[in-house]
Amino acid sequence: MSAKILIVEDEPAIQELLAFNVEKAGFQASCAGSAERAWQQVRENKPDLILLDWMLPDTSGVVLAKQLRADAGTKAIPIIMLTARGEERDKVAGLESGADDYITKPFSPRELMARIRAVLRRHAPQAPDETVAAGGLELLPGAHRVSAMGREIELGPTEFRLLHFFMTHAERVYSRTQLLDQVWGTQTFVEERTVDVHIRRLRAVLEPAGMDNLIQTVRGSGYRFSVN
Ligand code: CA
């Protein structure tokens, strides 16, 4: 069954263009022109992904993303934010509101479809015990073991969870707040600086194998695990 994509966009021409491309790519599209309509669609259609415009007539996309994230029934639905704004701080605000990715208008349909596929892939249910391998590292969640180029390395529990998260979410930037939510859980009250401490420890363990550069610092945004 093809994934259901909800398009939340108030400009009819853009809404139509998005729906056309989404359906052409083989997904099912539904549309909403306001945050209120979006909630209705979310309840009725249970979308697999939401394309969310930043500027809406009633509630802003950022506020709507936060509301979707705060609701137990909708918090797991991935969101790609669409916006005319391209500034770095807007990007961070968009991602911190809970969006999974961000795309600036004007965008090519091909780029948007690639982002949609990537986000859907990241959200595809994954067996929690599945072995993950990337960049010469191999991580066995069940056995709580990690090896670098075949040699076992020792990691603390937080570094282990952090590395597991990074390896299963490679090539994209996560802010400290997002890492806290994903790795530490939203119920904990940990300072953002804690993330830096654990990143340092993780890099220190990877350094002897020459793999500390897998964990990249993205200035002003956060961290990324990248094998490139
Ligand atoms: Ca708009």
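How many salt bridges does the structure hold? The structure, a predicted model, holds nine salt bridges.

Figure 1. The domain assignment divides the protein chain into domain 1 (4-123) and domain 2 (132-225). A distance of 28 Å separates the C-alpha centres of domain 1 and domain 2.

**Figure 2. Contacts between domain 1 and domain 2.** On the side of domain 1, eight residues are in contact with eight residues of domain 2. About 610 Å² is buried between the two domains, and 40% of this area is on carbon and sulfur atoms. Within the area that domain 1 buries against domain 2, Leu95, Glu96 and Arg122 supply 66%, more than any other three residues. The count of salt bridges between domain 1 and domain 2 is zero.

**Figure 3. The second largest pocket.** The space in the second largest pocket amounts to about 430 Å³. Because domain 1 (4-123) and domain 2 (132-225) both give residues to its lining, the second largest pocket lies between them. The lining consists of 20 residues, and those that lie nearest the centre of the pocket are Asp101, Tyr102, Arg115, Arg172 and Val173.

**Figure 4. Make-up of the pocket lining.** At least two residues of the lining of the second largest pocket come from each of helix 4 (88-96), strand 5 (101-104) and helix 5 (109-123). Helix 5 gives the most to this lining, with five residues. Sorted by class, the lining of the second largest pocket comprises ten charged, eight nonpolar and two polar residues.

**Figure 5. The salt bridge of lysine 105 and glutamate 9.** The side chains of lysine 105 and glutamate 9 meet in a salt bridge, with an N to O distance of 3.0 Å. This pair links distant parts of the chain, the two residues being 96 residues apart. Lysine 105 is in the loop between strand 5 and helix 5, whereas glutamate 9 is in the loop between strand 1 (4-8) and helix 1 (12-24).

**Figure 6. The cis peptide bond at proline 106.** From lysine 105 to proline 106 the peptide bond is cis, and its omega is near -5°. Proline 106 has its place in the loop between strand 5 and helix 5.

**Figure 7. Backbone of histidine 144.** Histidine 144 is found in the loop between strand 7 (137-140) and strand 8 (145-148). Phi of histidine 144 is near 55°, which is a positive value in a residue other than glycine.

Conventions:
Residues are numbered from 1 along each chain as its sequence is written. This is a predicted model: local features need pLDDT of at least 70, side-chain atom pairs count only at pLDDT 80 or more; totals for chains, interfaces and linings use all residues. Side-chain values use heavy atoms; hydrogens and water are left out. On a 1 Å grid over the protein atoms alone, a cavity is a set of points where a 1.4 Å probe fits but cannot get out, and a pocket is an open set with protein on both sides within 12 Å along at least five of seven lines; lining residues have an atom within 4 Å of a point. Grid points are joined across faces, edges and corners, and a volume is the space filled by probe spheres set on the points. Helices (H or I, at least four residues) and strands (E, at least two) are DSSP runs, numbered from the N terminus. Ala, Val, Leu, Ile, Met, Phe, Trp, Tyr, Cys and Pro count as nonpolar, Asp, Glu, Lys and Arg as charged, and the others, Gly among them, as polar. Domain bounds come from an automatic or database domain assignment. Contact means heavy atoms within 4.5 Å. Buried area is the accessible area (1.4 Å probe) that two parts lose on being put together, summed over both. A salt bridge is a side-chain nitrogen of Lys or Arg within 4 Å of a carboxyl oxygen of Asp or Glu.
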